[in-house]
Amino acid sequence: IALCVKRGDNWTKWTYTECNRDVMQAGRALIKLGLEPYHGVGIIGFNSPEWFISYFAAIHAGGFAVGIYTTNSPDACQYVAGNCDANIIIVENDAQLQKILTVRDRLPCLKAIIQYTGKPKEDYPNVYSWDGFMKLGDDTSLDEPLKQRINAQSPNKACTLVYTSGTTGNPKGVMLSHDNVTWTAST
């Protein structure tokens, strides 16, 4: 088992194959929503399978996975999302969604928001539930573009952006390369 979560009284488990399937599906969905290479996918929420899947899908789809602190104010979220040119922001729940909606008009690169816990109100444009987002990834015509983005990655290119908490000013972003991440994972 690669991943599991208990929700209520039920455990949901993913094998490594199932994790990869969901990452690839989410990667196709990110491309369908307009993720451009070298643009951010902000993820704001607590640890969950959806957070994990989003993080790796962003990398597979050629974007930068960007964790955003759950305690950030709307302005701090806007700063991070703007700094990484986020095309997509993935939020845990309505409380995090409201932060992003507050600053959405100051994020010119933002194309879509996905909420992974609960269902967003239907009257928000370009805001998707997790299930709706994953259904977008059913489009297998995006297999080739996803494969091309994976193949375009190389050790010396940026993989993810890690931002400081911003306690002494605006958060500061640190680029971690693919070789840095794989080296760290292997030690």
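Guide: A residue under 20% relative accessible area is buried, one over 50% is exposed, and one in between is partly exposed (1.4 Å probe, protein chains only). This is a predicted model; local features need pLDDT of at least 70, and side-chain atom pairs 80 or more, while totals for chains, interfaces and linings use all residues. Numbering runs from 1 along each chain as its sequence is written, and side-chain values use heavy atoms, without hydrogens or water.

Visitor: Is Asn-151 buried or exposed?

Guide: Asn-151 belongs to helix α6, residues 143–151. Helices are DSSP runs (H or I, at least four residues), as strands are (E, at least two), numbered from the N terminus. Asn-151 has 57% relative accessibility, so it counts as exposed.

Visitor: What distance separates the C-alpha atoms of Asn-151 and Pro-37?

Guide: Along the chain, Asn-151 and Pro-37 are 114 residues apart.

Visitor: Which element gives the most to the lining of the largest pocket?

Guide: A pocket is an open set of 1 Å grid points where a 1.4 Å probe fits, with protein on both sides within 12 Å along at least five of seven lines; lining residues have an atom within 4 Å of a point. Here the lining includes Tyr-55, Phe-56, Cys-159 and His-178. Two or more residues come from each of α2 (49–60), β8 (158–163) and α7 (178–186). With 4 residues, the top contributor is α2.

Visitor: Which element supplies the largest share of the lining of the second largest pocket?

Guide: Among its lining residues are Trp-51, Tyr-55, Gly-67 and Val-162. α2, β4 (64–67) and β8 each supply at least two. The largest share, 4 residues, comes from β8.
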